[in-house]
Amino acid sequence: MPSLISRHLVVHGRVQGVYFRASCEDVARRLGLDGWVRNRDDGAVELVAQGEADAVEELVRWCHQGPQQASVTSVEVSEAEVDDGLGEFSTRY
């Protein structure tokens, strides 16, 4: 059985109001990941993604570009604790 990893990301740039959260959720679900994505008050988007390492890394790569309307300037990536209760990837409001 593959081991799970979890990553916490904060994505900066023009990432709110450009379907970043919805697109991120679509990509994460297609990759079979658990976790969540939400807007932050400072204009960034924050997310936690958990799953097989290759799938998590693919989502991290996607976050460096985002959807077509986005303009990502930087992405902070850190390790996060694997959480068995995280659940299917969703948008938090």
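The model is a predicted one, in which local features need pLDDT of at least 70 and side-chain atom pairs count only at pLDDT 80 or more, while totals for chains, interfaces and linings use all residues. Residues are numbered from 1 along each chain as its sequence is written, and side-chain values use heavy atoms, with hydrogens and water left out.

The protein has two helices and five strands; here helices (H or I, at least four residues) and strands (E, at least two) are DSSP runs, numbered from the N terminus. Along the sequence these elements follow the pattern β-α-β-β-α-β-β. The radius of gyration is 12 Å, close to the 12 Å that the globule rule gives for 93 residues, so the protein is as compact as a globular protein of that length. For this comparison the radius is taken over C-alpha atoms, and the globule rule is 2.2 Å times the number of residues to the power 0.38. Taken along the principal axes, the C-alpha atoms fill a box of roughly 40 × 25 × 20 Å.

Contacts tell how the chain comes together. With contact meaning heavy atoms within 4.5 Å, residues 24 or more positions apart account for 78% of the contacts that have a separation of 6 or more. One example involves S71, in strand β4 (residues 71-79). S71 and V15 are 56 residues apart in sequence, yet their C-alpha atoms are 6.5 Å apart in space. Leaving out residues up to four places away in sequence, S71 touches H12, G13 and R14. S71 is partly exposed, with a relative accessible area of 35%; this class lies between buried (under 20% relative accessible area) and exposed (over 50%), using a 1.4 Å probe and protein chains only.

Turning to the interior, 42% of the 93 residues count as buried. In soluble globular proteins, nonpolar side chains tend to be buried together. A nonpolar core is a set of buried Ala, Val, Leu, Ile, Met, Phe, Trp, Tyr and Cys residues joined through side-chain atoms within 4.5 Å. The largest such core here has 24 residues, and those touching the most other members are F20, C24, L33, L47, L59, C63 and F89. Two or more residues of this core come from each of β1 (4-14), α1 (20-30), β3 (45-52) and α2 (53-63). The largest share, six residues, is given by α2.

E46 lies in strand β3 and is buried, with a relative accessible area of 11%. Its side chain is joined to that of H8 by a polar contact of 2.7 Å. A polar contact is a pair of N or O atoms within 3.5 Å; within protein, one must be able to donate a hydrogen and the other to accept it, and residues adjacent in sequence count only if both atoms are side-chain atoms. Beyond four places in sequence, E46 touches H8, L9, V10, W36, V37, R38 and R40. E25, in helix α1, is also counted as buried, at 16% relative accessibility. Outside its sequence neighbours up to four places away, E25 touches F89, S90 and T91.

An unreviewed entry lists residues 6-93 as "domain: Acylphosphatase-like". Over residues 6-93 the chain is 25% helix and 39% strand, with the end C-alpha atoms 21 Å apart.

Under "active site", the unreviewed UniProt entry covers R21 and N39. Although spread over 19 residues of sequence, they cluster in space, with a largest C-alpha distance of 7.7 Å. R21 is in helix α1, and N39 is in strand β2 (residues 34-39). R21 counts as partly exposed at 22% relative accessibility, and N39 counts as partly exposed at 28%. A polar contact of 3.5 Å joins their side chains. Leaving aside neighbours up to four places away in sequence, R21 touches V37, R38, N39, V45, T91, R92 and Y93, while N39 is in contact with Q16, R21, A44 and V45.

Terms used: UniProt positions are given in the numbering used here, feature names are shortened, and annotations may be inferred rather than shown by experiment.
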